[in-house]
Amino acid sequence: MSTAIEIRSAVKRYGTTTALHAVSLEIADNAFFTLLGPSGCGKTTLLRCIAGFEDLNEGEIRLFGQDIARLDPNHRPVNTVFQHYALFPHMTVLENVAFGLKMIGVSLDDRRARAGRMLEMVHLSAFADRMPTQLSGGQQQRVALARALAPEPKVLLLDEPLSALDLKLRQAMRVELKTLQEETGITFVFVTHDQEEALTMSDRIAVMSQGRVQQVGSAREIYEAPVNRFVADFIGETNLIEVTVERIEGDWARVILPGGHVIRCAAAGTSPGKHHLSIRPERLSLAKTGELVATIERVVYLGTDLQLLTRLTSGEAIQVRLQNSARTEVPAPGTQVALHLEEGAARLLAD
Amino acid sequence: MAGLTPSGQGNGSGYRRIVAPLLLPTWLMIGIFLVLPVLLMAIYSFLTKEFRGGVIWDFTLASYDQFFLNRGLFGDEPPVIEWTYITIFWRSIWQAAVATLICLAIGFPTAWFIATRPPRSRAIWLFLITIPYWVNLLIRTVSLKFLIRDNGPLNEPLMALGLITDPLPLVNTNLAVQLGLFYSYLPFMVLPIYAAVERYNFALSEAAADLYASRWVTLWEIVLPVVKPGIIAGCILVFVPSLGAFLAPDLLGGAKTFMIGSLIDEQFRGSQGNWPFGAAAAMILMTLVLIVLMFYARAQAREGAR
């Protein structure tokens, strides 16, 4: 598969603060790629650098091999869906969608036809002659999408486009965006702070924090095999326990838990010494007997799940998530239980 | 639900009982300072002139007749169109229009500059724009005349440097009048445009650039249409007072730059004045301005209905 965007040691500074610390990334063509991270992690800055609204201080951005880092935004064959849509308020919906086509010199009839087809694709044909202010947030969102897709960019950049929508609409749009990406074959670079959004849509995800890319991988990889505490903690819920790696045997590490309990888990490139262990709450279950003994402190009813807040005899708080089925026995707070750790449920982190 | 509606909203008489007294000061202000003077002028324009100023309460159309028609020295010839005053009006409109365009050309970049500064320094720039307006308009206009006269601080250095051999003939020209009007009313252009640009969402410019628009195209197709209400407000605020101005034309212009403001001003001065004629000229000027504003309002309404 060819590479759509290649970013090499991109550095962006604002005065004395550095927004991007030598970020390098490769984004494959025809992929749904997500930049995920908390606010202030540099994901939007990186997107704006790709679009050309910000200039890099150092580094390269290559679009299908061509260095575009020094081009003005109007000379970059990428289009953007803005967070607050930025629809032109004095133009009709159709004029908004046709604007990019007009700028690249498509004739009036052609651009009307193409903009019309774009509106059809986002199910807004009936609204072609409305002004943007007469549309709901979700509809404006679709217009912004149609406007950015109309010139058939090589790459579509989306800056938290769903954040202003309500939950139901957001969930519906996720599916629609993913379908749209697959149908058009355009590379989508999607920025979000919402990990659920990232997990459901993306082919690949780059998790960012403090101006650095922490991990790049598929949704499954970053959830199942986080490389460090930040990724493990940011994606989903997890139990982080400080452990000691006693020794490494090939691909496996011998790990001592705080209570002295010893487990075996994938070494994941670590070396002996202090490390953190990430255990997903849903990968733990209750057992009648076992070596990992904990006391139930609280039971939280979540509908589909039950969340158990427990404490190991060594003092660490551990969350357990049980599926809520008819057969689930709900232990009362105060009872002592044994926690069962599935094979491969614990993940050793680099830090 | 009834308890949740603001009191009076659903209840006409209660609304009137509470709000009407609160509106009274507004109505009084409009009545005393707007309706009454205009009404007075309207009535005066139909009265007969008294010789040493003032009016005689005889209703007549003579002032309007005098403005538009020439019936010869003794008023007994067949009427022909009197061009004197129409020419003055036309010249005034032209002068005011040029002054407005100069204000726009200078005022828009100025307003843009201020609105794009960091919020803290915007206040300082706005303050600097308004400082000259703490000085009386008459004094400022006289100062401007001093500045541009033949041996003033503009011409002298230019001649000393040998850039020009004769002083630039500025005083008593149309250009001087336009300069005076521009200088008098520039803030009225800057402030509304500033307000519009400050509210402008710069993401729109980014969106335009993203969709392959150059800077100029973005300015023409996106920025100007979006801040248009501010530009139009600025143009009206400069054009209307420029049209009726008399200080700048009087002090900076000559006989050839006589404008409506001066014409009206003259009618109310001393014993050679003609109050009804001055009032008639003022009413005609006002009608003209209202027609312009009406077209604007209708254009706005059409746009709003789109």
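Predicted model: local features only at pLDDT ≥ 70, side-chain atom pairs only at ≥ 80, totals over all residues.
Chains are lettered from A and ligands numbered from 1 in written order, and residues are numbered from 1 along each chain. Local features need pLDDT of at least 70, side-chain atom pairs count only at pLDDT 80 or more, totals for chains, interfaces and linings use all residues, and side-chain values use heavy atoms, without hydrogens and water.

Start where the chains meet. Chain A brings 26 residues to the contact and chain B brings 17 residues; contact means heavy atoms within 4.5 Å. The buried area is about 1,900 Å², with 61% from carbon and sulfur atoms. Buried area is the accessible area (1.4 Å probe) that two parts lose on being put together, summed over both. In chain A, the residues that lose the most area to chain B are A:Asn74, A:His90 and A:Met103, together 27% of what that side buries.

Now look for charges. Two salt bridges link chain A and chain B (a side-chain nitrogen of Lys or Arg within 4 Å of a carboxyl oxygen of Asp or Glu). One of them pairs A:Arg48 with B:Glu206, the closest N and O atoms being 2.6 Å apart.

Next, go inside. A nonpolar core is a set of buried Ala, Val, Leu, Ile, Met, Phe, Trp, Tyr and Cys residues joined through side-chain atoms within 4.5 Å, where buried means under 20% relative accessible area (1.4 Å probe, protein chains only). The largest core has 76 residues, and A:Phe99 is among those that touch the most other members. Beyond its neighbours within four places in sequence, A:Phe99 contacts residues including A:Phe88, B:Leu211 and B:Ile222. A second, separate core has 36 residues, among them A:Tyr85 and A:Leu101.

Key:
Buried < 20%, exposed > 50% of the residue type's maximum accessible area, 1.4 Å probe, protein only.
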